[in-house]
Amino acid sequence: MVDLTVSEGDLRERELLIRKRALVTQHRRKPLINPEFAYKVPRFAFEAVVEVLFDKRVNKELALYLRKRNYVLNHHLSVEILKKKLKRIGIDYSSHDSGDPNLEGEAIKGPYLDLPAPIVFESKYVVENYSLEYRIREYVYEAQSKEYSACIICLYDALNIIDWDKMRSLQDKISETFPIKIIEFSDFTGRKIPHRVLASLYSEWEMEQWRHGESNFVEFFDSTRMEGLNAALSGQRVSFLIGAGATMAAGGPSWDSLIDLLWLNELRGRDAMPGLTDEEAKIEITQIITDSPLIRARMLVRLCGPGIYQKMRAIVYNGINYTSGLPISIADLIVRSVAQEKLYEVITFNYDNVIEQTLRARGYTTVTQYTGDRRAGQGIHVQHIHGYLSPYPEPITRGMADSVVFSEDSYHARINDPGHWTNRRLMQAFSESVCVFLGFSMTDPNVRRLLEAAQRESPGQHHYVFLKAPAPAPDNFDLQMARARLMYLQEAMMAELGLNVIWYVEYADLPMLVDQLLPVAFEDEAVPSGVSP
């Protein structure tokens, strides 16, 4: 008997097939040979659009039109041409499979393009520019780890956005330690890229796609967002607001982790309780005490008394690494803003001295401020909005202890005092500069409240926040669509506070993005006097 049951996967395949057929039908109503693509891309997943456009069996007219003019849409042609070139000169090749679909290519077994064998060849399709250098370096690292002697990277510049002078400079820099050729698709294949066709397709899709919460993540990582931020910074003064993400990147705790560790230390203070794991202890604390971090922090202050600040400091500075990626990138960005005379404020919400120490390691003088008084001294002033704790063995002064915002009552006191210096300093930064939030989750109610107030006073002022995005889920259509819609809603909510969102997927991506802001050769610049306004 024939099994007539249909699996969920089969249903999904049929649904996608129906969408693609509908898409093809709509395309056929208009001439495909028009290189301007002056039609709206239907509201389906972008992958389906690309798959249909690149399917020569469906788009015979378009393929014929482009082929006659020596254009090609498919970047994989570079691999086919490579194989033909190698075959003509008698060099063997095989498939290189790294286990990562983003790092696959052809393994060339003989010397080629003046490079020693074995060589790995990779063809990259480029629609965004900001992470390109990072991806090239990632691929070089992969090639080295697989014991290749060299690599060739062929770039298909789909939207004509690659800075080839920068690519040649990158090639020269990498070649100092590992032989590499970064080549252009057109130069290597002799075929032209239909930039206008692809750009039109991309822009039409970009305009339509996210009004309807579709499933592809590409437009969230569009390089124009970084370009917009750099454009905004070029004409205004800038303030950097630094959250717990910078401390965490240096090996320190988040605010929630700090509270958890303090509670675990207090709970095990008299008894090691070997039969109770840390995770079980945290569950008991949240169930019996409360799951509100602010309330748990308030109880810790009552429990520990004045010794709370010594205990906090021990946890905050334990494991701190001043040479980690994000703090270094932030410090370099601050220095670049100083060199361009654009710095308005450096504001941190962390208790530690990570930013100051990283700046000092670069030869710059810093002034740590945790009270309303502007401390005298030349250098880069770092405002500690939630207080400051000096590292051991420096003493924790009364002023430092009073500056710390940790528990529910201290937080309420700060919110209920509009004239407090921290609130005034934040409002000035929000109103008089472009603010860039780094290492923030944007859940601080007071920051959100002040941003909203600043928007009412200066509705045309916009700021920028870097937020971590969920990883794409290409194998789960519904999950990816749900995540995309939530990201779209998050952007809309941030916009109400005057914030433009720049997304990153991996924590390692954030330093790379920060390094692209305010590009300037600052090594020979001196720090101007009176940096702080």
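**View 1. Lys-282 and Glu-279 are three residues apart in helix H12 (residues 278-288), which places them about one helical turn from each other.** Helices here are DSSP runs of H or I with at least four residues, strands are runs of E with at least two, and both are numbered from the N terminus. The two side chains form a salt bridge, with their closest N and O atoms 3.5 Å apart; the term requires a side-chain nitrogen of Lys or Arg within 4 Å of a carboxyl oxygen of Asp or Glu. Lys-282 is partly exposed at 25% relative accessible area, whereas Glu-279 is exposed at 52% (buried means under 20%, exposed over 50%, and partly exposed in between, with a 1.4 Å probe and protein chains only). The model is a predicted one, in which local features need pLDDT of at least 70 and side-chain atom pairs count only at pLDDT 80 or more, while totals for chains, interfaces and linings use all residues. Residues are numbered from 1 along each chain as its sequence is written, and side-chain values use heavy atoms, leaving out hydrogens and water.

**View 2. Arg-168 and Asp-165 form a salt bridge with an N to O distance of 2.8 Å.** Both belong to helix H6 (residues 164-175), where they are three residues apart, or about one helical turn. Arg-168 is partly exposed, with a relative accessibility of 44%, and Asp-165 is exposed, with 56%. By the rule used here, the count comes to ten salt bridges.

**View 3. The rings of Tyr-125 and Tyr-156 are stacked, with centres 5.2 Å apart and planes at 15°.** Rings of Phe, Tyr and Trp (its six-membered ring) pair if their centres lie within 6.5 Å, and planes under 30 degrees apart count as stacked, over 60 as edge-to-face and the rest as tilted. The pair links distant parts of the chain, since Tyr-125 lies in strand S3 (residues 119-126) and Tyr-156 in strand S4 (residues 150-157), 31 residues apart. Tyr-125 is partly exposed, at 27% relative accessible area, but Tyr-156 is buried, at 0%.

**View 4. Tyr-370 and Tyr-388 form a stacked aromatic pair, 5.7 Å from centre to centre and with 20° between the planes.** Tyr-370 lies in the loop between strand S8 (366-369) and strand S9 (380-384), and Tyr-388 in the loop between S9 and helix H17 (398-403). Both tyrosines, Tyr-370 and Tyr-388, are buried.
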